[in-house]
Amino acid sequence: MAAVSGDEELLGAARSGDEAAFAALVARYHGRLVGVARSVLGRRDLAEDVAQDTWMAVLRGLDGFEGRSSFRTWLFRICVHRARSSAAKEHRSIPFDPQEPGVEARWFGPDGAWAAEVQPWTEQSEDKVVAAALVPLVRQAIDSLPDAQRVVVILRDIEGLSSAEVCDVLSITEGNHRVLLHRGRNHVRAALDRHLKGR
Amino acid sequence: MSVRLLGNDILCRQAVALMTEYLEGTLPWRERRRLRRHLRRCPNCSEYLEQLRTTISLVGQVGPDHLPDQALAHLTDVFRRYRDLPPDQPDQ
């Protein structure tokens, strides 16, 4: 197994019985599966079980994966399906109609213009060292998002799924996806703004 | 996030509401043109858009969560059991 391999390579190796390849996939995705499961379930305590259950389903379906979608799209689709089943057993469901108001409503005056100046960020966040220091703050901000926004931000901006793939994995409309992504990103930006502006 | 664009100019509130579609590349060309025109003359909205771009870039740098050794050990153990099953008993 190469030091850094793509998902499909690892999957191929895992199919051939390579334990290290499977472990590499688990290391890469397990935490994200827990995050997605938590968002869909609306609770943290069952998310680990759902993530483990997802890997079981992956193992059972290893030979059936046909590569019509990417491995991670397939993986997250299984996870969301499992999390929804688990939520249904608990008589819970997370609404994916955008219900939480956007953070930006209060930033504008009655004339629709900014109520206060948008202050430039003082630190050079494109600097690698500065960016690395900001990542824990970003992780915390994502963690504090409403469930539906969090899962969309994880899949679109961390996993890099396309908008269409996110809609497919979550079975949501393009309109709902857009609003949830917009609000989620604005929330995270607001958290960064509190940290970075005018320091 | 329904935004009606009246006339040729848009308000800052409307500009911000359009930014996700703009960044996703899904904004219809007419609205894209209006947004760009607004951005050229509005330093606040331009700054906001840059901050959104930075935010997306930083979110993309969030790595995988730490995986507890116990969870990894459990899953690799399950993997071993699946791997070592005889081929005609795929789901025991």
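## Helix α8 of chain A

Helices here are DSSP runs of H or I with at least four residues, strands being E runs of at least two, and both are numbered from the N terminus. Helix α8 of chain A holds D193(A), and H177(A) also has its place in this helix, which spans residues 174-196. The structure is a predicted model, in which local features need pLDDT of at least 70 and side-chain atom pairs count only at pLDDT 80 or more, while totals for chains, interfaces and linings use all residues. Residues are numbered from 1 along each chain as its sequence is written, and chains are lettered from A and ligands numbered from 1 in the order in which they are written.

A residue is buried if 20 or more other C-beta atoms, placed from the backbone, lie within 10 Å of its own, exposed if 12 or fewer do, and partly exposed in between. H177(A) counts as buried because it has 23 C-beta neighbours inside 10 Å, whereas D193(A), with 17 such neighbours, counts as partly exposed. The C-alpha atom of D193(A) is separated by 7.1 Å from that of W121(A), 72 residues apart along the chain. Leaving aside residues up to four places away in sequence, H177(A) touches V152(A), S163(A), V166(A), C167(A) and I172(A), contact meaning C-beta atoms, placed from the backbone, within 7 Å.

## Nonpolar cores

A nonpolar core is a set of buried Ala, Val, Leu, Ile, Met, Phe, Trp, Tyr and Cys residues joined through C-beta atoms within 7 Å. The largest has 58 residues, of which L25(A), V36(A), A37(A) and C79(A) touch the most other members. Helix α2 of chain A (residues 19-41) supplies the largest share of this core, 12 residues. Another core, of 15 residues, lies apart from it and includes L11(B), A15(B), L18(B) and L52(B).

## Packing of α2(A) and α3(A)

α2(A) packs against helix α3 of chain A (residues 47-61) at an angle of about 130°, with the axes 8 Å apart; axes are lines fitted to C-alpha atoms, for helices over the stretch in contact, and angles run from 0 to 180 degrees between N-to-C directions. Among the residues making this contact are H30(A) and L33(A) of α2(A), and V50(A) and T54(A) of α3(A).

## Contact between the chains

The contact takes 45 residues from chain A and 36 residues from chain B. On the side of chain B that touches chain A, α3(B) gives the most, with 10 residues.

Conventions:
Contact = placed C-beta atoms within 7 Å.
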